[in-house]
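Student: Could you take me through one part of this model closely? I would like to look at the aromatic pairs and then the packing of the nonpolar core.

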Amino acid sequence: MRIPFLNRPATVAVLRLQGAIGVAGRGGPGLSDAALAPLLERAFKRRKPAAVALALNSPGGSPVQSSLIGARIRRLAEERGIPVHAFVEDVAASGGYWLATAADYIWADDSSVLGSIGVISSGFGFVELIQRHGIERRVHTAGRSKSMLDPFRPQTPEDIERLDRLLGPIHEAFKDQVRARRGNRLPEDRDLFTGEIWTGREAVELGLADGIAHLVPKMRELYGKEVRFLTYGQRVPLLRRFGLSADDFIDGIEERSAFARFGAGRG
């Protein structure tokens, strides 16, 4: 005899994490802890899901937002005793891979790109350009380091030293996160923290991912063929549905550039 309430199919909450972290995507608020907090709360609490699946596609972004989002996922998973599976689509690189490590299991496609466990700071120098056009740069500061890395003046050894002091601890925090979450799955004789990237199959061999799998069939394999999916996604603000502002246009360029670094351009 079938008892309806005891034989209900399992529910899996699916949360899409797509875009650059800390950068508003085209027509959306982007991936930030503040924007994702209510979605994560609902995903972990509504209808007592058997698991939470993260559909992940991110080239990275803000290290702070990556840390905050990842910590929130872990906190909710441990409070509710719910396993988390991350399914990498095109790319989970840099901060995107940080988010993947918040899951208990990381799955990828053969052609997914994972890794880039490093920290980057980039910009432009316009010193010769403004000199060529007779432009005089006037900057007044209180505090001799306030104009550090000003793109309109020559870069100094002191600037580089200060920047290294900033990037170093952030990189160490990233490495600590990967070691803490991936543990003995990582090889002892391979440095995975150089900023290098790998395809899905290579990532599995290196312990950065657990297997090659896609979301729906894997969840059905683990939680039953009749499993139900509850999908959560960020809402697009009403005004953005009818057009893009200049800020949206710039943010869209930044996001596409970030994806393009990993051969995962978005149309």
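Tutor: Happy to. Rings of Phe, Tyr and Trp (its six-membered ring) pair if their centres lie within 6.5 Å; planes under 30 degrees apart count as stacked, over 60 as edge-to-face and the rest as tilted. The model is a predicted one, where local features need pLDDT of at least 70, side-chain atom pairs count only at pLDDT 80 or more, and totals for chains, interfaces and linings use all residues. Residues are numbered from 1 along each chain as its sequence is written, and side-chain values use heavy atoms, leaving out hydrogens and water.

Two aromatic pairs are found in the structure. In one of them, tyrosine 105 and tryptophan 107 have ring centres 6.4 Å apart and planes at 25 degrees, so this pair is stacked. Burial is judged with a 1.4 Å probe on protein chains only: buried is under 20% relative accessible area, exposed over 50%, and partly exposed in between. Tyrosine 105, at 37%, is therefore partly exposed, whereas tryptophan 107, at 10%, counts as buried.

Now to the core, meaning a set of buried Ala, Val, Leu, Ile, Met, Phe, Trp, Tyr and Cys residues joined through side-chain atoms within 4.5 Å. The largest one has 44 residues, and Phe44 and Leu208 touch the most other members. Helix H1 (residues 33-45) gives the largest share, five residues; helices here are DSSP runs of H or I, at least four residues, numbered from the N terminus. Leucine 208 has contacts (heavy atoms within 4.5 Å) that include Tyr97, Ile106, Trp198 and Ala203, setting aside residues up to four places away in sequence.

Definitions and conventions:
Helix = DSSP H or I, 4+ residues; strand = E, 2+ residues; numbered from the N terminus.
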